[in-house]
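Hi everyone, thanks for making time this morning. Let me put the chain up on the screen, and then we'll walk through its charges and its backbone.

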Amino acid sequence: MYAIVEIAGQQFKVSKDLKVYVHRLANEEGSKVSFDKVLLLDDNGNITLGAPAIEGASVEAKVLQHLKGDKVIIFKKKRRKGYKKRNGHRQYLTQIVIEGITAAGGTKKAAAKKAVVAEEVATEEVEAPKAKKAAPKAKKEATKE
């Protein structure tokens with residue numbers, strides 16, 4: 001079972017016992033966090049999509065530690081102008097471990113909607129649009145002088 005969840009403005013594909021580095025969260029180390037913005041759930045092939053999020057679904061995680069990422073150097077230079085700029089930063093990160101994914105009530109409703117949509121698509125005959133043939137373009141005659 002996995003889920004695609006939005007954490008701190010970014011989307012992550014998570015599953016149980018997965019360690020993930022996310023942008024810094026305000027929670028203390030060792031505290032539990034719950035993320036309610038679950039965009040997709042996959043439960044052994046049974047996929048549930050949210051519009052935009054799945055109602056009642058959540059992902060529980062535990063904050064392991066707060067740390068800083070690797071140093072990133074930004075260097076700008078313009079040739080022959082004497083212009084050089086060196087700058088850099090280290091991103092503040094939080095390491096979390098996913099403890100569980102819950103899909104309270106969301107999977108049954110979505111599965112029923114999928115079945116109805118699948119039946120409608122199967123009963124309707126879809127005709128492919130016919131491609132129009134392009135008319136050959138007339139070539140201009142070149143006059144030699």
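Let's begin with K13, whose charged end sits over the ring of Y2, 4.4 Å from the ring's centre. By that I mean NZ of Lys or CZ of Arg within 6 Å of the ring centre and within 35 degrees of the ring normal. K78 does likewise over the ring of Y83, at 5.3 Å from its centre.

Before I go on, this is a predicted model: local features need pLDDT of at least 70, side-chain atom pairs count only at pLDDT 80 or more, and totals for chains, interfaces and linings use all residues. Residues are numbered from 1 along each chain as its sequence is written, and side-chain values use heavy atoms, with hydrogens and water left out.

Now, salt bridges: how many does the structure hold? There are 2, counting a side-chain nitrogen of Lys or Arg within 4 Å of a carboxyl oxygen of Asp or Glu. One of them joins K37 to E6, with the closest N and O atoms 3.8 Å apart. That pair links distant parts of the chain, 31 residues apart: K37 is in the loop between β4 (32–35) and β5 (38–43), and E6 is in strand β1 (residues 2–7). Strands here are DSSP runs of E, at least two residues, numbered from the N terminus.

Finally, the backbone. Most residues other than glycine have a negative phi, and most peptide bonds are trans. N44, in the loop between β5 and β6, has a positive phi of about 55° although it is not a glycine. A51 and P52 are joined by a cis peptide bond, with omega about -5°; P52 lies in the loop between β6 (46–49) and β7.

Methods
Helices (H or I, at least four residues) and strands (E, at least two) are DSSP runs, numbered from the N terminus.
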